[in-house]
Amino acid sequence: MSDPLYIRRGFGLRKEIAPQVDAEYGSAMLARIRANGNRLEEGGVTVVVADALGFCYGVDRAVDLAYETRARFPDRRLFLTAQIIHNPHVNRRLEAMGIRFLEGDYGRLVPEDVVIIPAFGVPEETLARLRATGCLLVDTTCGSVINVWRNVERNARDGFTTVIHGKLHHEETRATSSRAIHGGEGHFVVVRDLGEAEVVAAAIRGDLEADAFMAVLGPASSPGFDPRLHLARIGLANQTTMLASQSLEIAHCLEGAMAARYGGAVDGRFRSFDTICGATEERQQAVLKLVEEERPDLMVVVGGFNSSNTGHLAEIATGHCTTLHIEEAADLLAADRIRHKPPGAPPVEAHQRWLPELPAIVGLTAGASTPGVKIGEVVARLFELARGNEA
Ligand code: SF4
């Protein structure tokens, strides 16, 4: 039976909100580049954009739902449980529309309020708390994230511990972890990278004592987790925005450990579902194609500094050419001054010439939460700096 206090499909107002969404997030500059075969030259800089970049289907849907909700309830208090996606521009826009962020403060809600659940989803216990408030819930959780939840819930039902390749404190991984427990039936451990997967592998093979395992991965494991009991059958899942190549390495590492422990018979003991979403894979493949085929003098990656998928695009490009991860055009302070985020480090303001000698090819991509308007502004700023007209 449908729940009148739980909305997933919107309010049938997409046509009404489309002009506003297009005006606020679309980009004439990006459309021009697309129409010109994904490249444009000005002032000695040829900007080449990746075949796939910017807003993904899940983000498109989440943003549309938020705008539909505002249009449907112009007079009610609207809240988001947290950032709808990891892009400061989009979150600022929603705040300007009067949508507030709860950040765990559920006590301030009254039944007349409307709460929007972000594209990453929320943990099961958060959903239960929200339902208890009697508020109307508008759930924008991406279908690809829900697909991961189905897999980890099945693991729990079948007695498999889920090994999640993800970032422990990322909203999506926290939501997925809660589904891997599935009402106390299952267990999970979160591994961030191959190094942490090796710790799990060593415990599976019997090469690592339980205490040593817990010292490293105890905080990333489900309550009551015991590596001596809960690694006999494992299923691998990924946060949808991880690096696909790294997830594959982790799968091989863990499958190898299971084979070593159980004499090659991993059937019935090991499962691996590639739950990296199609949009993430497309953007990762597109940036790789761009750096390999165009060999740019510089690669610029645009997206929130806290955006997991944007960070991975920067990581891929860094292996091939000089790469700068910026949030927006304003970070291109001058041809010799830039605010950017080096891989694995906090953002910095660097005082050095980053704009290549002209003529130059500058590759450009953007994370799945970066709107076209922000991509277009970066291109315009690059051209401006190339012409020597920087503000
Ligand atoms: S990155 Fe993938 S999982 Fe995340 S919102 Fe976009 S399509 Fe959905």
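**The ligand and the pockets**

The shell around the ligand comprises 6 nonpolar, 5 polar and no charged residues (Ala, Val, Leu, Ile, Met, Phe, Trp, Tyr, Cys and Pro count as nonpolar, Asp, Glu, Lys and Arg as charged, and the others, Gly among them, as polar). The model is predicted: local features need pLDDT of at least 70 and side-chain atom pairs pLDDT 80 or more, while totals for chains, interfaces and linings use all residues. Residues are numbered from 1 along each chain as its sequence is written, and side-chain values use heavy atoms, without hydrogens and water.

Surrounding the ligand (a heavy atom within 4 Å) are Cys56, Tyr57, Gly58, Cys142, Ser144, Val145, Thr240, Thr241, Cys277, Ala279 and Thr280. Two or more of the shell residues come from each of α3 (57–72), α6 (143–157) and α11 (278–294) (helices are DSSP runs of H or I, at least four residues, numbered from the N terminus). Because domain 1 (15–56 + 278–386) and domain 3 (144–272) both contribute to this shell, the ligand lies between them; the domain bounds come from an automatic or database assignment.

The model also has open pockets. The largest pocket is lined by 23 residues, and Lys167, Arg192, Ser308, His312 and Lys341 lie nearest its centre. Helix α12 (residues 308–318) supplies the largest share of this lining, 5 residues. By class, the lining of the largest pocket holds 5 nonpolar, 12 polar and 6 charged residues. At least three lining residues come from each of domain 1 and domain 3.

The second largest pocket is lined by 19 residues, of which Asp22, Tyr25, Gly26, Phe55 and Asp60 are the closest to its centre. Domain 1 and domain 2 (57–140) both give residues to its lining, so the second largest pocket lies between them. A pocket is an open set of points on a 1 Å grid over the protein atoms alone where a 1.4 Å probe fits, with protein on both sides within 12 Å along at least five of seven lines; lining residues have an atom within 4 Å of a point.
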